[in-house]
Amino acid sequence: MDMPLYCSSLAGRVPHISGDGRVSNKLTSNHVGSLFFQHQNPPKQILSLPKFDQSCSSSIMEDQKSLSVASPEPEKYYQELDVAVRAVQMACSLCQRVQDSLISKSNDQIKSKDDNSPVTVADWSVQATVSWLLSEYFGRKNLSIVAEEDVQKLSKADASELLVAVVNIVNECLAEAPRFGLKCPDKALGTSEVLEAISHCNSSGGPTGRFWTLDPVDGTLGFVRGDQYAIALALIEDGEVVLGVLGCPNYPMRKEWLSYHHRYHRIITKLTPPTSESWDKGFVTYAMKGSGKAWMQPLLQSNKKLVWPNSARPVRVSSIDDPGSATFCEPVERANSSHSFTAGLAHTMGLRKQPLRVYSMVKYAAIARGDAEIFMKFARAGYKEKIWDHAAGVVIIQEAGGMVTDARGNPLDFSKGIYLEGLDRGVIASAGPKLHDKIISAVDASWDSSSL
């Protein structure tokens with residue numbers, strides 16, 4: 001079967017909306033090699049994009065060995081984790097291009113949701129791209145996705161230019177799929193297909209069966225400001241998070257660079273071409289439930305092919321269990337979280353370090369990597385936490401050796417639909433059980449005097 005020629009023809013230009021065709025290949029084997037190498041006789045020339053050749057096949061075998069180290073049962077969710085990591089790598093690449101465009105141009109491609117939070121072309125484009133990829137690899141009929149965005153605003157008559165931009169960004173991203181070890185469509189997706197991919201993310205979750213959760217751009221406000229944001233993808237089975245992937249495009253690979261402002265990072269990136277040994281920002285972190293390990297790999301650089309293990313290395317939470325030496329994370333925005341309560345709580349526990357305030361689920365990655373030890377979020381009255389804001393981060397911290405519970409010490413419940421129902425006061429993530437117990441005790445001691 002030949003590699004679709006659409007990939008190579010699209011490499012040099014941004015396609016415009018046209019066509020109805022889509023790939024309908026089904027998974028027929030449990031061996032991961034069949035996932036990415038169903039093309040038995042690749043054409044001799046694929047222009048500027050990589051073709052599936054023996055060297056690429058070898059990298060997939062290395063991939064299998066790499067992930068086998070990460071789990072005692074690698075065959076259980078190996079295919080899902082492999083596709084998820086590659087899809088999030090692609091989504092990060094998409095977001096980087098869109099963010100650069102938003103910062104350098106006008107905000108015509110930013111809209112507001114009903115709650116006045118921003119949504120951009122990146123949100124819809126990532127959701128469509130990831131939805132399409134998951135459908136191709138795991139079958140549309142058997143695929144359920146819970147995701148943040150819908151198509152209502154995008155389908156309105158006054159959003160026609162925005163819709164065209166989304167369709168073109170999706171097609172541009174999918175054209176590069178072979179660079180990430182994934183397949184691309186036979187031809188450019190049309191408007192209806194992109195809208196369909198976004199709309200397919202309409203599952204309501206629940207206690208039984210399997211479904212994915214996706215937050216295409218977590219921390220959109222940070223995204224439009226050129227700051228931190230995350231792409232979060234997780235798989236939930238029978239109410240339990242079984243794997244999670246977090247893409248953090250603006251987070252530095254090395255901890256010592258955290259003290260520098262994000263705009264400084266942007267300037268240095270433009271002045272100094274990144275290398276594998278540089279401080280360059282951006283990574284994907286991932287974990288599989290029960291593996292006892294979490295991993296981090298740098299983002300794929302432009303014009304490179306993703307070859308496993310892609311400089312991946314294990315990450316582990318900090319060994320600090322004394323609150324006085326710990327760093328805590330909290331949300332940047334005050335809208336859905338109380339800074340005053342967490343500040344008072346930090347004082348009560350004797351935390352002396354300045355809090356690490358970052359947008360999005362990047363906070364989960366910071367704890368999993370050992371850059372911070374505590375994340376506390378206590379929502380204001382009336383706000384309900386959504387599962388896509390936590391699922392991926394929870395399993396990554398747990399497999400990295402940390403803990404995530406509500407303020408009573410109960411595990412977060414992902415089996416009750418799109419919200420974390422039954423959440424006791426707030427979410428607490430920490431680097432380990434000793435520190436966790438101290439935080440929960442402090443919360444209990446301080447709660448009655450709070451105004452939450």
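## Terms and model

A residue is called buried under 20% relative accessible area, exposed over 50%, and partly exposed in between, using a 1.4 Å probe and protein chains only. By that rule F341 is buried, because its relative accessible area is 8%.

What you have here is a predicted model, in which local features need pLDDT of at least 70, side-chain atom pairs count only at pLDDT 80 or more, and totals for chains, interfaces and linings use all residues. Residues are numbered from 1 along each chain as its sequence is written, and side-chain values use heavy atoms, with hydrogens and water left out.

## Confidence

The predictor's confidence in each residue is given as pLDDT, from 0 to 100. For this protein the mean pLDDT is 79, and 71% of the residues reach 70 or more.

Two stretches call for some care. Over residues 1–6 pLDDT stays under 50, and the model has 22 contacts (heavy atoms within 4.5 Å) beyond four places in sequence for them. Residues 8–72 also stay under 50, with 140 contacts beyond four places in sequence. Where pLDDT is low, the predicted coordinates should not be read in detail.

## The sheet

Helices (H or I, at least four residues) and strands (E, at least two) are DSSP runs, numbered from the N terminus, and two strands pair if DSSP finds at least two bridges between them.

Strand β6 (residues 240–252) has 12 of its 13 residues buried. β6 pairs in the antiparallel sense with β5 (residues 230–237) over 7 bridges, and V245 in β6 is the bridge partner of L233. The hairpin of β5 and β6 has 2 residues between the strands, and D238 takes a positive phi near 50° there. β6 also pairs with β7 (residues 281–288), again antiparallel and over 7 bridges; here G244 has A287 in β7 as its bridge partner. Further along, β8 (residues 294–298) and β9 run antiparallel, joined by 3 bridges, with R313 in β9 as the bridge partner of M296.

## Helices on the sheet

Axes are lines fitted to C-alpha atoms, for helices over the stretch in contact, and angles run from 0 to 180 degrees between N-to-C directions.

## Helix against helix

Angles under 35 degrees count as roughly parallel, over 145 as roughly antiparallel, 65 to 115 as roughly perpendicular and the rest as oblique. The axes of α5 (residues 121–138) and α6 (residues 160–175) come within 9 Å and cross at roughly 45°, so the two helices are oblique to each other. Residues in contact include W124 and W132 in α5, and I169 and C173 in α6.

With α7 (residues 191–199), the α5 axis comes within 8 Å and crosses at roughly 85°, so this pair is roughly perpendicular. The contact is made by W124, Q127, A128, S131 and W132 of α5 with V194, A197 and I198 of α7.

## Back to F341

F341 has its place in helix α10 (residues 339–349). The C-alpha atoms of F341 and S446 are separated by 8.6 Å, with the two residues 105 apart along the chain.
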